[in-house]
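I opened a notebook page for this structure. My plan is to go through the chains, then their contact, then a few local spots.

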Amino acid sequence: MLHIALRQQRGTFTLDVNLTASTPGVIALFGRSGCGKTTLVNLLAGLSQGAQGRIVVDDQVWFDSARGVQVPAELRRIGYVFQDARLFPHYSVRGNLDYGAKRAPQPPSAARFDEVVDLLGLAPLLQRRPGGLSGGERQRVALGRALLSQPRLLLLDEPLASLDAARREDVLPWLERLRDQLQIPMVFVSHQYDEVLRLATEVLVMDDGRVVAQGDVASISLAPALRAIVGPDAIGAVLDGHIERRDTATGLADVRVGEGLLQLLCADASVGRRVRVQLRARDIILATVEPQGLSVRNQLRGTLCSISPDGDSDLIEVDIGGGTRVLSRITRSATQQLQLRPGLLLWVLVKAVSTRGHIFPAEATD
Amino acid sequence: MHTATVYAARMNWLGEPELAALRLSLDVAGRAVLLNLLPAIAIAWLLTRRRFAGRTLLDAMVHLPLVLPPVMVGYLLLLLLGVHGPVGRWLDQLFGLRLVFTTGGAAVATAIMSFPLMVRAIRLSLEGIDSGLEQAARTLGAGPIDRFVSITLPLMLPGVLAGAITAFAAGLGEFGAVVTFVSNIPGETRTLPLALYAALQSPDGDALAARLALLSFGLGLGGLLTGEVLARSLRRWLGR
């Protein structure tokens, strides 16, 4: 359990956060640059001071301004992975990994060391100096160093932000493995929505020093507060489900999400695997009568929940059964012409090729 | 003809006065560097890593010897550390330590004059160290002393080395403060520049002066080159 209640005034910027999140899992702090994410994380780590409030992690009080409690950063046992890796240039990769390990109250066993080295693919790098490593390799070493310090909490502050797209793809799968194989709670800071979608179990959306929305990925994807931050193209429902059936000939998989069933293209996915699917609002078509002769693979029945204007178009929230909701972006003229209103029964059309399914790699069954 | 050969012979060999001055200069400059090492690291660290009241004043104080006339510094030392001076009397009574007219006194004067050079070099290297590395060490469980010893100190070594060698090379040639504070006593305080000055004062000292000048020139150049090469290889070893 992670409980943070903090208030800090710095110039014109005010950080004002009150949140409780369950651990373990990946808590994503998501928001634009300058919204206070790093400020919050540095307060959590104990690297900056001057706030009022409390920080409690798993029943341990790290900070309580009312009682004058301030546990120094070096005693909090936080595995902090910085945006710029911050490897020690005068130590080898092995020396960097050992640095935190040697200072842990209970140093990791040799087996644990090998496990982490294995998990992050660090074996070929051990003898090298950080100066000669690529950006992606550096971040992997930084992750390993943080993990081997036996942290209670792993803080990842935009660990992918300094990497180009290809290098990010080098690191992301390792982060997913960490999430799925280790029972360490993680706080993941990012301003990239797609990273949050891939990694998070819980999301805190921050804007201008405040948490404006909090919840699991599915509910956050529908939150109005998100819309101002991610931009119109990224808006859309995110659904967690698992693969029920897969047709190897066509590559199409039946993905069970709540009571609904979606046919999607999922590469290399075996039956039983968990997938997270983003249905972008602009790719979803609504119909008031059952369409005929379309190439669209998914025609779902749904009930219209709400209509909210967003920019020059409308966002329509539709319940496709059992509380599972999707968003569709349509023009105002379509809203008027189809006489859409809450409670209306609709057909929801989803192209199998327009959705992106992220496969959770480690867990074979849901 | 005869005087010319003697002149040539003398040019090829270092005589006893030159060797004595050389030994003394190395001794004084070496002691000055040792005296300065810890205070210079401490002050450089304070000036780069801490914000406190009076920081600008401390910074100015450290740099004073660069701008004050060396003779004035020597005079000040004489007032403070002389046998009747407030600090000098105390040193004499407690430890029987007399600095005036001694090699130790020459080392103290040289140390004060070369202190800013050392602080500046160490400070420069400290400023080049990303304080984020110290933060990272902190999150990995390293306390303040641990962080300094395992991260900050090794990374500032090139600066410490460069500073020490520059200060040593400069210390070999310190004149004004030394001659004012500890006078010009052969074998005790007559370092290379003082010997050079004495030679210039004597009617037949031209050859000696030339040899001493060459010697000083070689030492200075050699010192600076060695410092640069050492610092470069140290930086490479540190991976920077």
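**Entry: chain A overall.** I began with burial, and buried residues make up 42% of the 366 residues in chain A. The model is predicted, and I kept that in mind throughout. I then looked up the secondary structure of chain A and found ten helices and 21 strands. Next came the radius of gyration of chain A, which is 23 Å. The globule rule gives 21 Å for 366 residues, and the two values are close, so chain A is as compact as a globular protein of that length. I also took the box along the principal axes: the C-alpha atoms of chain A fill roughly 65 × 50 × 35 Å. For contacts in chain A with a separation of 6 or more, I noted that 68% come from residues 24 or more positions apart.

**Entry: a helix pair in chain A.** I picked helix 4 (residues 110-119) and helix 5 (residues 135-148) of chain A. Their axes are 10 Å apart, and the packing angle is about 155°. That angle is over 145°, so helix 4 of chain A is roughly antiparallel to helix 5 of chain A. The crossing of helix 4 of chain A with helix 5 of chain A is right-handed. Which residues meet here? From helix 4 of chain A I listed A:Phe113, A:Val116 and A:Val117, and from helix 5 of chain A I listed A:Gly144, A:Leu147 and A:Leu148. By class, this contact of helix 4 with helix 5 of chain A has five nonpolar residues, one polar and no charged.

**Entry: a loop residue in chain A.** I stopped at A:Gln339 for its backbone. Its phi is near 50°, a positive value in a residue other than glycine. Most residues other than glycine have a negative phi. I placed A:Gln339 in the loop between helix 10 (332-337) and strand 20 (345-350) of chain A. Is A:Gln339 buried or exposed? I found 8 C-beta neighbours inside 10 Å, and the cut-off for exposed is 12 or fewer, so A:Gln339 counts as exposed.

**Entry: where the chains touch.** I looked up the contact between the chains next. On one side are 22 residues of chain A, and on the other are 16 residues of chain B. In chain A, helix 2 (73-76), strand 7 (78-81) and helix 3 (93-103) each supply at least two residues of the side that touches chain B. Helix 3 of chain A gives the most to that side, with three residues. I sorted the side of chain A that touches chain B by class: eleven nonpolar, four polar and seven charged residues.

**Entry: chain B overall.** Chain B has eleven helices and zero strands. Its C-alpha trace spans about 75 × 45 × 30 Å along the principal axes. Buried residues make up 40% of the 240 residues in chain B. Among contacts in chain B between residues at least 6 apart in sequence, I noted that 75% join residues at least 24 apart.

**Entry: helix 5 of chain B.** I checked cover here. How many of the ten residues of helix 5 (residues 86-95) of chain B are buried? The count is one, and this helix is hardly covered. B:Gly96 follows helix 5 of chain B, and its phi is positive, near 65°.

**Entry: the loop between helix 9 and helix 10 of chain B.** I looked up two residues. B:Ser183 is in this loop. Its phi is near 65°, a positive value in a residue other than glycine. I counted 17 other C-beta atoms within 10 Å, so B:Ser183 is partly exposed. B:Gly187 lies in the loop between helix 9 (176-182) and helix 10 of chain B as well. B:Gly187 has 12 other C-beta atoms within 10 Å, so it is exposed. I also checked B:Gly187 against B:Leu24: they are 163 residues apart along the chain, and their C-alpha atoms are separated by 7.2 Å.

**Entry: a helix pair in chain B.** I ended on helix 10 (residues 192-201) and helix 11 (residues 206-237) of chain B. They pack at an angle of about 155°, and their axes are 8 Å apart. That makes helix 10 of chain B roughly antiparallel to helix 11 of chain B. The crossing of helix 10 of chain B with helix 11 of chain B is left-handed. Among the residues that meet, I noted B:Leu196 and B:Leu200 in helix 10 of chain B, and B:Leu212 and B:Ser216 in helix 11 of chain B. By class, the contact of helix 10 with helix 11 of chain B has eleven nonpolar, one polar and no charged residues.

Methods: Residues are numbered from 1 along each chain as its sequence is written. Chains are lettered from A and ligands numbered from 1 in the order in which they are written. This is a predicted model: local features need pLDDT of at least 70, side-chain atom pairs count only at pLDDT 80 or more; totals for chains, interfaces and linings use all residues. Axes are lines fitted to C-alpha atoms, for helices over the stretch in contact, and angles run from 0 to 180 degrees between N-to-C directions. Helices (H or I, at least four residues) and strands (E, at least two) are DSSP runs, numbered from the N terminus. Angles under 35 degrees count as roughly parallel, over 145 as roughly antiparallel, 65 to 115 as roughly perpendicular and the rest as oblique. A crossing is left-handed if the near helix is turned anticlockwise from the far one by less than a right angle, and right-handed if clockwise. Two residues are in contact if their C-beta atoms, placed from the backbone, lie within 7 Å. Ala, Val, Leu, Ile, Met, Phe, Trp, Tyr, Cys and Pro count as nonpolar, Asp, Glu, Lys and Arg as charged, and the others, Gly among them, as polar. A residue is buried if 20 or more other C-beta atoms lie within 10 Å of its own, exposed if 12 or fewer, and partly exposed in between; C-beta atoms are placed from the backbone. The radius of gyration is taken over C-alpha atoms; the globule rule is 2.2 Å times the number of residues to the power 0.38.
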